[in-house]
Amino acid sequence: MGKREAEHIDFDAVMKSLQSEKRGEADPELSPEENLGSAKKEVSQAARKRASKLSDPRNGYVYSTKERIIHDRTCKRVSGISDDCFEMSKKLIPGMPLCNLCRRKAWIRLGMGDDTKFINAYDRFFREAYVSNDLLQRLFVDNDVKVKIQDITHMTFDVNGERWMWERVDKKVVLYHNSYEISDVGTRVMRKSFHKQKETPISAQSAANKMLNYTWDRSHQSNDNMR
Ligand SMILES: [Zn+2]
């Protein structure tokens, strides 16, 4: 008896305990692996959806379905939105507040059409022309003005069927209007050139007022010779 038996029994017990431990460990090990695998799959699927939404440049705006604050897609806060709450929109969403960090770009984006990769140039132009937040909102949200940057100091504005151009001079702008001729039947024929509305630079606010308040009537003379 004694030793051998005891050794034998111990050995059995150790084997059993090892086997049960193995079984015991194996299951919890397997399921986390499986869970981890499916979690990884879910995450990558959400990340893929995010990437697919981001790949469409018409999706200009981002929001988290949890926070309900809308951002311009270039906002640095966008990286803080997790993949599973990540949503994009082609338009601003009525009633959804704008992020205070990127609201200028969000408004500018409304006016710049397909030129989206140059948004920083537009942003710089408006900052250097001292265009306020209120004015950006008035132009692009309230009046649906469309803009196109020509170079770092020139931008064209389409406002109620009229085309204008701003030439940025220091913190002001020189306002140009699309040149036109009057046809025999009294209608305007637009030309590709522009003429100065005023020699001296004016504030962006005044230029915007002139554009937004402008209406053409037939008593206007041809401006063909003005420039
Ligand atoms: Zn933002």
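1. Helices and strands first: the chain has five helices and eight strands. From the N terminus on, the order is α-β-β-β-α-α-α-β-β-β-β-β-α.

2. Before going further, keep in mind that this is a predicted model: local features need pLDDT of at least 70, side-chain atom pairs count only at pLDDT 80 or more, and totals for chains, interfaces and linings use all residues. Residues are numbered from 1 along each chain as its sequence is written.

3. Of the 227 residues in the chain, 22% are buried. Buried here means 20 or more other C-beta atoms within 10 Å of the residue's own, exposed means 12 or fewer, and partly exposed is in between, with C-beta atoms placed from the backbone. As for contacts (C-beta atoms, placed from the backbone, within 7 Å), 53% of those between residues at least 6 apart in sequence join residues at least 24 apart.

4. Have a look at helix α3 (residues 119-128), where Y122, D123, F125 and F126 are buried. These residues sit on the same side of α3 because they cover an arc of only 160° around the axis, the arc being that of the directions from the helix axis to the C-beta atoms. On the other side of α3 you'll find N120 and R127 exposed. The buried residues of α3 pack against α2 (103-111), α4 (133-142), β4 (146-151), β5 (154-159) and β6 (162-169). Just after α3, Y130 has a positive phi of about 55°.

5. Next, α2 and α4: their axes are 9 Å apart and the packing angle is about 30°. Axes are lines fitted to C-alpha atoms, for helices over the stretch in contact, and angles run from 0 to 180 degrees between N-to-C directions. The two helices are therefore roughly parallel (under 35 degrees; over 145 is roughly antiparallel, 65 to 115 roughly perpendicular, the rest oblique). On the α2 side the contact includes W107 and I108, and on the α4 side L136 and F140. By class, this contact has seven nonpolar, three polar and two charged residues. Nonpolar covers Ala, Val, Leu, Ile, Met, Phe, Trp, Tyr, Cys and Pro, charged covers Asp, Glu, Lys and Arg, and the others, Gly among them, are polar.

6. Finally, α4 also meets helix α5 (residues 204-213), their axes coming within 11 Å and crossing at roughly 20°. That makes α4 roughly parallel to α5. L135, R138 and L139 of α4 touch A204, Q205 and A208 of α5.

Notes:
Helices (H or I, at least four residues) and strands (E, at least two) are DSSP runs, numbered from the N terminus. Two residues are in contact if their C-beta atoms, placed from the backbone, lie within 7 Å.
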